[in-house]
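Open the model in your viewer and keep the selection panel at hand.

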Amino acid sequence: MRHTFIFIILIAVSVINAIAQTDYSFDECLGSARPYVEPKGKILVPDTLQYVMVNHVGRHGARYPSSGKNAMLVRDILNKAVKARTITPRGRKLLALTNEVIDLSTGRWGALDTLGKAEQRWLAARMGAAFPKLFEHGRVNAISSYVPRCIMSMYEFTHQLTRQNNRVEIYTSSGRQNNDLMRFFDESKPYKEFEKSSEVHNLISEYADSVIPEGLLAKYTGKSAETENIDETDVFMAIYSVLAGTAAMELSCNIADYISREDFNALWSVFNLRQYLTHSASAISDLPADISKPLLLDLVATTDSFISGADTTPVQLRFGHAETLMPLLALIQIPDCRYTGSDIYQVADNWKDFDIVPMAANFRLVLFKSDSGNYYVRADLNERPVSLYPGAEMYMPWEEARSYLLLRAGQF
């Protein structure tokens, strides 16, 4: 509780000092609903190293909204304003968009859409082009969460691999037997209690009250008694979800027609904070990151098995969720994926979901063998090389990286 007290004091001080909001683009403020951005440029590898294995953890591709909860809430609030005859022109426009989202998503809630399928095929095509020798008479092991969009992501990815080389052997597995690796956030009772705790809820509410401009809801509903005594944070997050989710479901939408860039930044920063507090390490708890330790140990174990020859599978694929990747990346301490400062107002500058987990986000360990027979590893986030931790060399001896990863997994 001490950390919560510190955060609340900081919020109060920050309000008094009128802390400036973020100034990201509309596209960036799509947050974790942002479609995947293809990396540019070629990755240069030392001539003395040859790739021998890829160990991949990915998020499903772009999708329809995961459920109708947010859209239904927005529709309900705006319809109340319609009945009260207070709804504004902007509110009517948002209501029309919300109804369109509901109409297009009904029967498809959470389903991978055509963009999401394409994202996975593009990822697979680039992997096949970057590491062609791994797929020449090679073997691929792929697992996924039991959620249909993850299963479909796995099949789209592996199908593309076979289109490029139909001699590859692919073994797939999906279901709740993979929960320990792909949905560990469902398996930990302490974590689920923390996620729903008043500690987390109060921090988010206090922050939202301080950064979301007073009167923003009235820009849609007008001054309606029907919208009084409601949890405005939930309503604002629902509005954000409707707007931010349009790109992923390929619904043409100029967000600037519905909200100003400044206000969209404010809503994004609240959503970003919620994800940060509940799915990453923070000053109030390491628990959201710690529950990903089984997945980190699996990355190490499968790499060890390949090096020892116990398992000759050179490509390991896993398909999960944003909630799978955020904790893992924070646990490892990938640069810009972990922030534990005590100033909650610095989160949006130091931990940005749109860079970490856009749709089809992915993290991989690429194993190399040197001319001298030693093994090295490179970490890639969203197909861009990153250090395993701030200051680490890009290509690390496997034994050194292994020791570090096991330390992060609590094995030393």
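Helices (H or I, at least four residues) and strands (E, at least two) are DSSP runs, numbered from the N terminus. This is a predicted model, where local features need pLDDT of at least 70, side-chain atom pairs count only at pLDDT 80 or more, and totals for chains, interfaces and linings use all residues. Residues are numbered from 1 along each chain as its sequence is written, and side-chain values use heavy atoms, with hydrogens and water left out.

**Stop 1: T158**

Select helix α5, residues 148-164; T158 sits in this helix. Is T158 buried or exposed? T158 is buried, because its relative accessible area is 6%. Buried means under 20% relative accessible area, exposed over 50%, and partly exposed in between (1.4 Å probe, protein chains only). Now show the contacts of T158, meaning heavy atoms within 4.5 Å. Leaving out residues up to four places away in sequence, T158 touches A142, I170 and L317. Next, draw a C-alpha to C-alpha distance from T158 to P327: 25 Å in space, for 169 residues in sequence.

**Stop 2: α14**

P327 is one of the buried residues of α14, as are A322, T324, L325 and M326. The buried set also includes L328, L329, A330, L331 and I332. Because 10 of its 11 residues are buried, α14 is largely enclosed by the rest of the structure. Step just past α14 to Q333, which takes a positive phi of about 80°.

**Stop 3: α2 against α3**

Select α2 and helix α3 (residues 89-105). Their axes come within 9 Å and cross at roughly 140°. Axes are lines fitted to C-alpha atoms, for helices over the stretch in contact, and angles run from 0 to 180 degrees between N-to-C directions. The crossing of α2 and α3 is left-handed: the near helix is turned anticlockwise from the far one by less than a right angle, whereas clockwise would be right-handed. On the α2 side, colour A71, M72, V74, R75, L78, N79 and V82. On the α3 side, colour G91, R92, L94, L95, T98, N99 and I102. By class, this contact has 8 nonpolar, 4 polar and 2 charged residues. Ala, Val, Leu, Ile, Met, Phe, Trp, Tyr, Cys and Pro count as nonpolar, Asp, Glu, Lys and Arg as charged, and the others, Gly among them, as polar.

**Stop 4: T246**

Go to the loop between α10 and α11 and pick T246. T246 counts as buried because its relative accessibility is 2%. Its contacts, beyond residues up to four places away in sequence, are L97, V101, L251 and C253.

**Stop 5: the largest pocket**

On a 1 Å grid over the protein atoms alone, a pocket is an open set of points where a 1.4 Å probe fits, with protein on both sides within 12 Å along at least five of seven lines; lining residues have an atom within 4 Å of a point. Centre the view on S66, N70, F271, R274 and E323, which lie nearest the centre of the largest pocket among its 46 lining residues. Elements giving two or more residues to this lining include α2, α8, α11 and α14. Which element gives the most? α10 does, with 8 residues. The lining has 19 nonpolar, 15 polar and 12 charged residues.

**Stop 6: the second largest pocket**

Move to G41, K42, I43, A130 and R364, nearest the centre of a pocket lined by 18 residues. Both α4 (114-130) and β5 (362-370) give two or more residues to this lining. α4 gives the most, with 4. The second largest pocket has 10 nonpolar, 1 polar and 7 charged lining residues.
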